[in-house]
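Good morning, and thank you for making time for this presentation. Please look at the sequence and the structure as they come up, and keep both in view while I speak.

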Amino acid sequence: MNDLPAAITTATIWAYWFGVGMMIVRVKRHSRAIPILAPQQPLERFMGMAWIPIVALWMTLPYLTQSATHGAMALPEFATNSAIYRACRWLAALVAVLCLVATARCWARMGKDWRMAVAVGEKTNLITDGPFRRIRHPIYAFSILLMICTLVVVPTLPMLAVAVVHIVLMNIKARNEERHLLATQGESYAQYMQGTGRFLPRYS
């Protein structure tokens with residue numbers, strides 16, 4: 001296991017999901033009645049079931065690739081033989097670490113207002129500063145970027161399938177949260193949407 005880009009990416013992904021676990025524990029201490037791991041919306045329950053295998057594969061595929069020498073799990077030849085692509089893998093691994101750091105900043109800013117799922121019937125604080133000033137869903141944006149970095153480091157068909165499903169789910173979840181926040185926050189959230197992008201910053 002001398003594939004350092006894959007090892008760095010694997011450790012970053014595991015640290016990311018450990019951080020999610022710590023956020024769940026943190027929020028649970030403040031709001032015991034909020035169903036953090038049992039979404040109330042049918043759509044989010046469905047997505048929750050889809051997330052389990054996606055997260056499991058995301059955490060394991062980069063690790064398994066380090067020891068695979070053939071088959072769908074092994075790195076294609078261009079990933080190991082091309083000096084340019086080897087440099088891209090290193091760059092992606094470093095960007096992945098930066099995604100983790102940036103996500104941790106978002107978690108810290110949200111604090112007890114962070115939620116794993118939409119909390120039906122609850123009006124949380126609307127955060128519009130810091131990482132949320134130009135992007136409505138910076139955590140999801142960094143998650144998508146982290147997944148893209150993972151795919152660059154591990155350019156296999158199984159990882160591509162996981163990445164596609166992940167990005168689709170992120171888009172569905174972001175749009176669903178926006179509908180909920182429009183219903184609970186009203187005009188203040190509508191105005192916030194006008195000056196921000198969903199995953200990319202909007203400057204106006």
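Let me begin with a question: does C149 count as buried or exposed? C149 counts as buried, at 5% relative accessibility; buried means under 20% relative accessible area, exposed over 50%, and partly exposed in between, with a 1.4 Å probe and protein chains only.

A word on the source. This is a predicted model, in which local features need pLDDT of at least 70, side-chain atom pairs count only at pLDDT 80 or more, and totals for chains, interfaces and linings use all residues. Residues are numbered from 1 along each chain as its sequence is written, and side-chain values use heavy atoms, with hydrogens and water left out.

I stay with the cysteines. A search of the whole structure finds zero disulfides, a disulfide being a pair of cysteine sulfur atoms within 2.5 Å. C88 is partly exposed, with a relative accessible area of 34%.

I turn now to the pockets. Rolling a probe the size of a water molecule over the atoms shows where empty space is left. On a 1 Å grid over the protein atoms alone, a pocket is an open set of points where a 1.4 Å probe fits, with protein on both sides within 12 Å along at least five of seven lines; lining residues have an atom within 4 Å of a point. Grid points are joined across faces, edges and corners, and a volume is the space filled by probe spheres set on the points.

The largest pocket has a volume of about 1000 Å³. Its lining comprises 42 residues, with R115, M116, Y140, K173 and E177 nearest the centre. Among the helices that each supply at least two lining residues are α1 (4-30), α2 (42-65) and α6 (157-185); helices here are DSSP runs (H or I, at least four residues), numbered from the N terminus. By type, the lining divides into 28 nonpolar, seven polar and seven charged residues.

The second largest pocket has a volume of about 220 Å³. Two or more of its lining residues come from each of α3 (77-81) and α4. Residues lining this pocket include N2, D3, R86 and R89.

Next, T156, which sits in the loop between α5 and α6. T156 is buried, with a relative accessible area of 7%. Beyond its neighbours within four places in sequence, T156 is in contact (heavy atoms within 4.5 Å) with A72, M73, A74, L75, P76 and L151. A190 is 34 residues away from T156 along the chain, and their C-alpha atoms are separated by 40 Å.

Finally, the aromatic rings. The structure holds seven aromatic pairs; rings of Phe, Tyr and Trp (its six-membered ring) pair if their centres lie within 6.5 Å, and planes under 30 degrees apart count as stacked, over 60 as edge-to-face and the rest as tilted. W14 and Y63 form a tilted pair, 6.5 Å centre to centre with 40 degrees between the planes. This pair links helix α1 to helix α2 across 49 residues. The rings of Y16 and W17 have centres 5.2 Å apart and planes at 80 degrees, so that pair is edge-to-face.

Technical notes. Ala, Val, Leu, Ile, Met, Phe, Trp, Tyr, Cys and Pro count as nonpolar, Asp, Glu, Lys and Arg as charged, and the others, Gly among them, as polar.
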